[in-house]
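Here is a walk through a structure, taken step by step. Keep the sequence and the 3D view side by side.

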Amino acid sequence: MSIFAPRRHTPGFHAGDDLQAGAALRLDGVRMQAIETGRSRLVITALVFLLAFGAVGARMVDVAVIDRNPPKPHAQPQARTDELKMERADISDRTGVLLASSLPTVSLFARPEDLKAAKVDIESAAIRLVAVLPELDLEETIERLSSGRQFVYLKRNLTPRQHYDVNNLGIPGLLFQKGERRIYPHGPLASHAVGVTDVDNKGVAGIEKRFENAMRESREPLALSMDIRVQTIVRNELARSVEEFSAVGGTGMVMDVRTGELLAMVSLPDFDPNDPPPPTDPSMFNRATKGAYEMGSTFKLFNTAMALDLGKANINSSFDASKPLVFGGHTIHDDHALNRWMTVSEILIHSSNIGSARMALDAGTEAQRAFMSRIGMLQAPPLELPEVAGPLIPSPWREINTITIAFGHGLSVTPLQLLAGTAALVNGGEYHAPTLLARAPGDAIPAIRVLKPKTSENMRQLMRMVVTDGTGKKADVPGYEVGGKTGTAEKAGAGGYRKKAVLSSFIAAFPMDAPRYAVLMMIDEPQATKQTFGFITAGWTAAPAAGRVIAQIAPLLGLMPKTLPIPPSGASKGIARTGGGREVAAVE
Amino acid sequence: MSVTFGRTDTSVLGRWWWTVDRWTIAALFLLVAVGAILTMAASPAVAERIGAQSFHFVRRQFVFLAPAVIIMLGVSLLTPKQVRRMAVIGLLASIVLLILVPVLAVEIKGSKRWLNLAGMSIQPSEFVKPMFAVVAAWMFASARLDPAFPGRVIATALFGVVAALLLIQPDVGQTAILTAIWGTQFFLAGLPLILVVGLGLAAPIGIVGAYYVFPHVQSRFDKFLDPSGSGAYQVTTALSAFKNGGVFGRGPGEGRVKLVLPDAHTDFILAVGGEEFGVVLCLFVVMLFAFIVLRGFSRIHKEDNLFVVLATAGLLVQFGLQAIVNMASTLRMMPAKGMTLPFISYGGSSMVALALGMGMVLALTRTRYGREGMEA
């Protein structure tokens, strides 16, 4: 580098000058040195280029031919749609039928300031808008659009067509807000159980309210214990009875006596959760869980079970029902007085108030109170609904209360309590807290023993006898061994009980040899009709409704009917037997 | 060439024919031909998308073809000394235009690069590169042969001025090319190895600096490092084009990326070629570029004149590097850099400036005997 020979010419700009020096082909030292350095470095530069071109070529082959999985994020985002994410989980019945779901919708709102800024003619904009959305009031729309507010709602939950039409109007300052809307595909069918959400998609009643947080956190549908087919049958039959007897309402429930699961829960009148009435509307009231009623004669089941379970009596023990029972100024009568001593089974079958009262007095006030508590009559059941009421318990609980409670007066309980308690009477003596959620197979079923199995067996026999020989004949369904008890309670009004305002109920279970389901049908204030020969008692009103329900749901729930005895006739005398044919165990 | 010249023909054209590197000319013509075909393939889709007539870009490109070829061949007739003179004048003119650019130019895609002169929009940054390469070569060569002459200082100062003007636009890519020309020439002119290492280390610093100073450089780097982002759309689409094309391509007119790539006719034209004509055509293009560059290097390897060596090397570095940067960007081997593919991408200024540059290469690599062409 430092070999710079002195040049003979003056320093200049001419690179070619050196060429003039010396002989044509002789290179002097400096030039030689410079050109040699340049040459060797030129080779390095050329190699770098060769490598670079080689790398580019290799990469081309790599991308085009060898690489079978090139990065393809450009194709995917266009093809992929976002998973639909909803605020609330769905609600389904036990078989997966959708009871409540969410759909994405848009709501229309306006920014009046923007309309003003865009110099929109408010009147013509409103006219065009109302043409597309006829539900809007023109005057009100003009007023809203010209208000000085920053934000006014015009209409919630537009249909996609309406959304498109409004968009097409191209009015500035009209904006859409994405939201979602709760849809109840079955309308009022399960309204009291499922409940309802408000305009902000927040649960305000029923399961919707009770599981508000859980449904916002989970994506899995919430499966209810309800079977929508059973629910439909119960609602149809209840509605038919309410209509037939011009009743003010009614309630109907079906419970699995082995698990406490409610397969149906109807309270009439009900409402359409897709268009709910105000919360104070009578149709929003859930009679099944929130109405506490004096149940009347159906309570005699508990009274009888108590006496049997305490060992104070067996089903053939007799009690004096020969004359009305006078106690502390009150006289207890029987509706169909036999005026004789009656056995325990007769007392139940003939629904004797006097006999029941004597059985209760025999057991004593404390024992009655303890038994009623055990069977769930003194506390609200832990059902998964916000609308669950507790009983109205007499305080103090005197002997006169013991007497009236024996035949179902003086202690008001909800229909749900009656159903759950009855289920424990027939299922072998275990109380299962009622539930509206489907139990997963294999789940432990909480159970509290409340009766001896023997007592339960006796109760099954007695309930069956009520249907075969007593007041519940119209509830019988051939082949399904229905057992039950009627109850016709006069409703307490101002200044005493009202004769013509009764609560007719029938509490049933079937099949009585191995009960699977308990059914309660209750009709509030039925009016007599020609067909009932003027009767409004449960045997003429609620019992037939229960029979119709059982006749439809028993096959649906997979219960096999019993073989019925062939009616005795000349040809088949040898075959006919009294007391029923071969018993076939219930199958699922 | 229908005209043939006898060996003994001593006319200007006759001597030119026998001394010019006809292989390089052939390669350049092939490049121009491929460029014409690809412009016809890629640009109608782009033209239709922006609402122009289908052959808007094709027509404009072809208008420049003939002048470009004439300029290239015309310049190749010059002697080294004439080349030098032209470069000095050209460099001064380019610098003046570059100074005018920030004042007069219209902003296109975030940069001010184009000047409107007599109804033509030209991009002075395209012209300044070859001119600088030749002038800087002269300075380096003079300094090498006469230590008293401050050629390196002058070349470096010129580099600084031009680089500054380019960064004002801002045009980081052209600055990088300019830096490569200057660096390579300095290297060939005998830069002490310690300084070579120093400059080698400075390059990353320059890149990091550009990353933080220029927002668009930053975003390009970020997109390169995270190709899943929506911004890397063009490169990702280009890659899928190569993939679609495979070895032999989908066939002329069957490409699809040209329908979606905004720069299908300029920076990403090779992707269109890859999709329609396959990797075979792409490799052919790479080979043409490599051939022209390496053939030039091999010709000057025998050259005794340092100025000729440095000037040719600078011009070839510009030409080759531009091609490599374009192809490497398209293939996602480096962050996307807006750079045209020489003679293939659409762009009049680029085409004419490259024709000038390659014309000078042809002129400088003509076979000379002794001092021929260096005097006068």
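A helix axis here is a line fitted to C-alpha atoms over the stretch in contact, and angles between axes run from 0 to 180 degrees between N-to-C directions. The model is predicted. With that in hand, take the first pair of helices.

In chain B, helix α3 spans residues 56–76 and helix α13 spans residues 348–364. Their axes come within 7 Å and cross at roughly 20°. Angles under 35 degrees count as roughly parallel. α3(B) and α13(B) are therefore roughly parallel to each other. Their crossing is right-handed. What does α3(B) bring to the meeting with α13(B)? Its residues there are B:Gln61, B:Phe64, B:Leu65, B:Ala68, B:Ile71, B:Met72, B:Val75 and B:Ser76. From α13(B), the partners include B:Gly348, B:Met351, B:Val352, B:Ala355 and B:Leu356. Among the others on α13(B) are B:Gly359, B:Leu362 and B:Ala363.

Now move to a second pair in chain B. Helix α4 covers residues 80–104, and helix α6 covers residues 151–168. Here the axes come within 9 Å and cross at roughly 30°. The cut-off for roughly parallel is again under 35 degrees, so α4(B) and α6(B) are roughly parallel to each other. The crossing of α4(B) and α6(B) is left-handed. On α4(B), the residues that meet α6(B) are B:Leu91, B:Ile95, B:Leu98, B:Ile99 and B:Pro102. α6(B) answers with B:Leu158, B:Val162, B:Leu165, B:Leu166 and B:Ile168.

Next, a single residue. B:Asn326 sits in helix α12, residues 306–330 of chain B. Is B:Asn326 buried or exposed? Buried means under 20% relative accessible area. B:Asn326 has 1% relative accessibility, so it counts as buried. Which residues touch B:Asn326, leaving aside neighbours within four places in sequence? They are B:Asp267, B:Met339, B:Thr340, B:Leu341 and B:Ser345.

Step back to the whole of chain B. It holds 13 helices and 3 strands. Of its 376 residues, 57% count as buried. Take the contacts in chain B with a separation of 6 or more: residues 24 or more positions apart account for 72% of them. Chain B exposes about 15,000 Å², and carbon and sulfur atoms supply 70% of that area.

Finally, turn to chain A. An unreviewed UniProt entry places a "transmembrane region" at residues 42–61 of chain A. Over residues 42–61 the model of chain A is 100% helix and 0% strand. The end C-alpha atoms of that stretch are 29 Å apart.

Conventions:
Residues are numbered from 1 along each chain as its sequence is written. Chains are lettered from A and ligands numbered from 1 in the order in which they are written. This is a predicted model: local features need pLDDT of at least 70, side-chain atom pairs count only at pLDDT 80 or more; totals for chains, interfaces and linings use all residues. Side-chain values use heavy atoms; hydrogens and water are left out. UniProt positions are given in the numbering used here, feature names are shortened, and annotations may be inferred rather than shown by experiment. Helices (H or I, at least four residues) and strands (E, at least two) are DSSP runs, numbered from the N terminus. Buried means under 20% relative accessible area, exposed over 50%, partly exposed in between (1.4 Å probe, protein chains only). Contact means heavy atoms within 4.5 Å. Accessible areas come from the Shrake-Rupley method with a 1.4 Å probe; for residues, only the protein chains shown count as cover. Angles under 35 degrees count as roughly parallel, over 145 as roughly antiparallel, 65 to 115 as roughly perpendicular and the rest as oblique. A crossing is left-handed if the near helix is turned anticlockwise from the far one by less than a right angle, and right-handed if clockwise.
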